[in-house]
Amino acid sequence: MTEHKKQKTENGISVKTLTIFAAGLVIGLIAGSFIPGLLPGTSHGVSGLQPGRDLQTSGPDKAVPAEKNDSAELSTVKESNYSIADIVGTLPTENKDEYISWMREHTQEQVQHLQARWDLASKFIDSKELRGLAIEAFLKTPREHFVREENRNRPYADTWMAIGWGATITDPDVVSMMTTTLAVKPGMKVLEIGTGSGYQSAMLSNMSDEVYTIEIIEPLFHETDELYNELENQYPAYSNIRRKKGDGFYGWEKYAPFDRIIVTCAIDHLPPPLLDQLSVDGIMVVPLGPPWRQLVMEVRKIKNENGRIVMKRRDVYNGVGVKFIPFRDESGESYSTTPPKQH
Ligand code: SAH
C-alpha cells in the first residue's frame, strides 16, 4: 500500500521506542477539534462532515452521491461454508519448531518461508506491533504469494514493495501495527479500503469470516481476485474475502455496518460514508494526513453519555509519520485537499 516508510521523529527517536511509550498514551480527540496542522478544514466536496466536527452519522451528506448500482458492480462474493471459529487459537505461537510443524501439516509451506516469517513476527512481537490475535494471523499469512516475482526471494524483508500500477504492499511492521490496533475478533464484519496485493485482507481472513475489501484499480482488482481463487484450496479462509472493484470512499453500503474498517491509502480527512458505515463501538484505522506524511489513527465511534455519537481518535505511533499511497477517486485525483508541499 505504501510507498511509505516510517519517518523518524526530528530528534531521531526510533519508532520502536515511541511505540512502547505510546502504549497506554491515549490522545483522545473528541468531536469538536482537529489535530492542529494535520487535518485541513475542508473535505472533498463534502461540507459539514469533517472528522471531529458535528458528526452526522445517521446518513450520508447530500453532497455524497449514492453508491453505484450494485448489479453493475464488479465483485466476487462467494457462498462459503468455511469457518475459522474452530481453528482460531490452535496455532502454536510460543515455540518455533511446533509452529513450523503445525504449518507444514496444515499448509505444506516451505520451511525457509516459515522460518523467515517466524523471525519477522518475533521482531514485531518484541516491538509490541504484533499483539493478540494479530500474532496468529501474521504467522499464518504467506507473504511470498503476495509480493511480485522480483521480490519472491525476499518476501520477509521488512519493507514495502512495488506491486504495479503505482501501488505497493505495505511494510509488514505497519500492517502488523494496524492489524493489532484493529483488534478483530471472529464474527466481526471487517472492511478494507485498498485491496492492493491482497496481503492485508488475507491476514484479516484469519481473524474473522467476514472480510470485505475494495480496490479502485481494475487490473489490480482482477489480479488479486484471481490470486485468492488460486490460493483458496490451500488457504480456505480466503473464500471468505468478499472483494469488489470500486471507489472505497463510499464504502460498501450493501453490507454495512462494519465493526471494523481499515483504510490502506492516505487521505487528509475521514470519508463521511465510511464513518457512517462504521458500527457504534466500531474501530477504524486510517493513515490520516497530507499527501507527504500521515499519522496512523485509530478512530472509535462511540455513543457518549448524552446519547450523541462521537469519534475518539488516537495516534497509534504517537507522532511518528508514515507515508501511504494516495486515496484516489475514479478519475485518479487524490481525495486530499491539502496543497502539495512547497520547498
Ligand atoms: N492493503 C494493500 C495495500 C495496497 S496500497 C496490501 O496489503 O497490499 C493502497 C491501495 O489503495 C492501492 O492498491 C490503491 O490502488 C488503493 N486505492 C487508492 N484509492 C482507492 C479508493 N478510492 N478505493 C479503493 N482503493 C483505493
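Strands are DSSP runs of E, at least two residues long, numbered from the N terminus. In this predicted model, the protein chain holds eight helices and ten strands. One of the strands, β9, spans residues 295-303 and includes Arg-300.

Arg-300 has a relative accessibility of 36% and therefore counts as partly exposed; the class lies between the 20% and 50% limits. The side chain of Arg-300 makes a polar contact of 3.3 Å with that of Glu-298. Beyond four places in sequence, Arg-300 is in contact with Gly-282, Ile-283, Val-310, Met-311 and Lys-312. Val-280 lies 20 residues from Arg-300 in sequence. The C-alpha atoms of Val-280 and Arg-300 are 8.3 Å apart.

Over the whole protein chain of 343 residues, 54% count as buried. The accessible surface is about 14,500 Å². Carbon and sulfur atoms contribute 51% of that surface. Among contacts with a separation of 6 or more, 64% join residues 24 or more positions apart.

Helix α5 covers residues 172-182. Eleven of its eleven residues are buried, so α5 is largely enclosed by the rest of the structure. The buried set runs from Pro-172 and Asp-173 to Leu-182, and includes Ser-176, Met-177, Met-178 and Thr-180. Just after α5, Ala-183 adopts a positive phi of about 45°.

Helix α3 comprises 16 residues, 111-126. At 1.5 Å a residue, α3 should span 22 Å; the end C-alpha atoms are 22 Å apart, so the two values agree. The buried residues of α3 are His-113, Leu-114, Arg-117, Trp-118, Leu-120, Ala-121 and Phe-124. Their cover includes α2 (96-107), α4 (133-140) and α5. Just after α3, Lys-128 takes a positive phi of about 70°.

Nonpolar side chains tend to be buried together in soluble globular proteins. Here the largest nonpolar core has 57 residues. Those touching the most other members are Tyr-99, Leu-130, Phe-138, Phe-146, Leu-204, Tyr-238 and Tyr-317. Leu-130 illustrates the contacts in detail. Leaving out residues up to four places away in sequence, Leu-130 touches Ala-121, Phe-124, Ile-125, Ile-135, Phe-138, Ser-176, Thr-180 and Met-203.

Definitions and conventions
Residues numbered from 1 in each chain as written. Predicted model: local features only at pLDDT ≥ 70, side-chain atom pairs only at ≥ 80, totals over all residues. Heavy atoms only, no water. Buried < 20%, exposed > 50% of the residue type's maximum accessible area, 1.4 Å probe, protein only. Helix = DSSP H or I, 4+ residues; strand = E, 2+ residues; numbered from the N terminus. Contact = heavy atoms within 4.5 Å. Polar contact = N/O pair within 3.5 Å; in protein donor to acceptor, adjacent residues only side chain to side chain. Core = buried A, V, L, I, M, F, W, Y, C linked by side-chain atoms within 4.5 Å. Expected span 1.5 Å × (residues − 1). Areas by Shrake-Rupley, 256 points an atom, 1.4 Å probe, with all protein chains shown as cover.
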